[in-house]
Amino acid sequence: FISSQNNNVELHSGNGTNNQLWVLEDAGGGYVYLKSKINGLYMTVENASTANGTNVLMMVKNMSTAQKFMFISYEEKRIYKGLDVSEHQE
């Protein structure tokens, strides 16, 4: 599960807390902003980079490309188009 921890985004096992709850806000053009229920901050890809190992953090809404995400359907499963940070988690 994607979890908001302080000012960073981390991957954790599901624990049923508000840290793992997100509000999707329409960003137009099929994109959404992901707002943390726990702190009201928005998931942001540092420097809007697509490089492997890029930090994903929480910031106030600035409506930049770094905060826009798109959900797409793939083989009847929901996946999200963005960064795979799983190998960088402890």
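A residue is called buried when its relative accessible area is under 20%, exposed when over 50%, and partly exposed in between, with a 1.4 Å probe and protein chains only. By that definition, buried residues account for 29% of the 90 residues in the protein chain before you.

Colleagues, a word on the source. This is a predicted model, in which local features need pLDDT of at least 70, side-chain atom pairs count only at pLDDT 80 or more, and totals for chains, interfaces and linings use all residues. Residues are numbered from 1 along each chain as its sequence is written, and side-chain values use heavy atoms, leaving out hydrogens and water.

The protein chain contains 0 helices and 8 strands; helices (H or I, at least four residues) and strands (E, at least two) are DSSP runs, numbered from the N terminus.

I now turn to one residue. Tyrosine 33 belongs to strand β4, residues 31–36. Is tyrosine 33 buried or exposed? Tyrosine 33 counts as buried because its relative accessibility is 4%. Leaving aside residues up to four places away in sequence, tyrosine 33 has contacts (heavy atoms within 4.5 Å) with residues including Val23, Leu24, Tyr42 and Met63.

Which partner forms an aromatic pair with tyrosine 33? Rings of Phe, Tyr and Trp (its six-membered ring) pair if their centres lie within 6.5 Å; planes under 30 degrees apart count as stacked, over 60 as edge-to-face and the rest as tilted. The whole structure holds 1 aromatic pair. That pair joins tyrosine 33 to tyrosine 42, edge-to-face, at 6.3 Å centre to centre and 90° between the planes. Both tyrosine 33 and tyrosine 42 are buried.
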